[in-house]
Amino acid sequence: MLKISNAVELADWEVEITQIRAQGAGGQNVNKVASAVHLRFDILSSSLPPFYKERLMALSDQRISKDGIVVIKAQSHRTLELNRQDALDRLQELIQGAVQVQKKRRPTRPTRGSQRRRVDKKTQRGKTKALRGKVM
């Protein structure tokens, strides 16, 4: 079970995890050990609420295909168990980040004092530049 929130959980059968060989230099075990993990998660056929599905499909993330399949590759650790946990954690972060509602920005206005200071600086700068004219 992967817990997303208090009310939402993913069953183990919804997440497909396969072992693959990790990339890069590996030494003596490079051709023997498959310690990297490929995680595949189908958004549309999952048991997530419709709001979660809509938000995930609206994301412009390279890990999500147009068909709604999330593919996460984890190979940063040396053991299969740590890579599996890392992939599940990253899936959980992706789902939680997608459904987080951003706080609406309230536009602010500059204060009267800051407007006055800005205009005063502009006039002072103009006076300084006016002194650079040709001497008569």
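## Surroundings of S35

Leaving out residues up to four places away in sequence, S35 touches I20, A22, H77, R78, T79, L80 and N83, where contact means heavy atoms within 4.5 Å. S35 is found in the loop between β3 and β4. With a relative accessibility of 11%, S35 counts as buried; buried means under 20% relative accessible area, exposed over 50%, and partly exposed in between, with a 1.4 Å probe and protein chains only.

## Basis of the model

This is a predicted model, in which local features need pLDDT of at least 70 and side-chain atom pairs count only at pLDDT 80 or more, while totals for chains, interfaces and linings use all residues. Residues are numbered from 1 along each chain as its sequence is written, and side-chain values use heavy atoms, with hydrogens and water left out. Helices (H or I, at least four residues) and strands (E, at least two) are DSSP runs, numbered from the N terminus.

## The sheet

Three strands form an open sheet in the order β3-β4-β5, with antiparallel pairing; two strands pair if DSSP finds at least two bridges between them. The edges are taken by β3 (15–20) and β5 (69–74), each with a single partner strand, so one side of each is left without a neighbour in the sheet. From one strand to the next, the twist averages 20 degrees. Angles run from 0 to 180 degrees between N-to-C directions, and axes are lines fitted to C-alpha atoms, for helices over the stretch in contact. Helix α2 packs on the sheet and touches β3, β4 and β5, its direction making about 30 degrees with that of β4.

Six bridges join β3 to β4, and the two run antiparallel; in this pairing Q19 stands opposite V37 in β4. Strand β4 (residues 36–42) is likewise antiparallel to β5, to which six bridges join it.

## The nonpolar core

The largest nonpolar core has 24 residues, and those with the most contacts inside it are L10, L39, F41, L48, V70, L91 and I95. Such a core is a set of buried Ala, Val, Leu, Ile, Met, Phe, Trp, Tyr and Cys residues joined through side-chain atoms within 4.5 Å. Two or more residues come from each of β4, α1 (50–58), β5 and α2. The largest share, eight residues, is given by α2.

Beyond its neighbours within four places in sequence, F41 is in contact with L10, E14, V15, S46, L48, G68, I69, V70, L91 and I95.

## Packing of α1 against α2

Two packed helices are described by the angle between their axes and the distance between the axes. For α1 and α2 the angle is about 95 degrees, with the axes 9 Å apart. The two helices are therefore roughly perpendicular to each other; angles under 35 degrees count as roughly parallel, over 145 as roughly antiparallel, 65 to 115 as roughly perpendicular and the rest as oblique.

At this contact, F51, Y52, R55 and L56 in α1 meet L94, I95, A98 and V99 in α2. By class, the contact has seven nonpolar, no polar and one charged residues. Here Ala, Val, Leu, Ile, Met, Phe, Trp, Tyr, Cys and Pro count as nonpolar, Asp, Glu, Lys and Arg as charged, and the others, Gly among them, as polar.

D86 lies in helix α2 (residues 80–99) and is buried, with a relative accessible area of 19%. Not counting residues up to four places away in sequence, D86 touches A74, S76 and H77.

R105 is found in the loop between α2 and α3 (112–130) and is exposed, with a relative accessible area of 63%. R105 and E9 are 96 residues apart in sequence and 31 Å apart in space, C-alpha to C-alpha.
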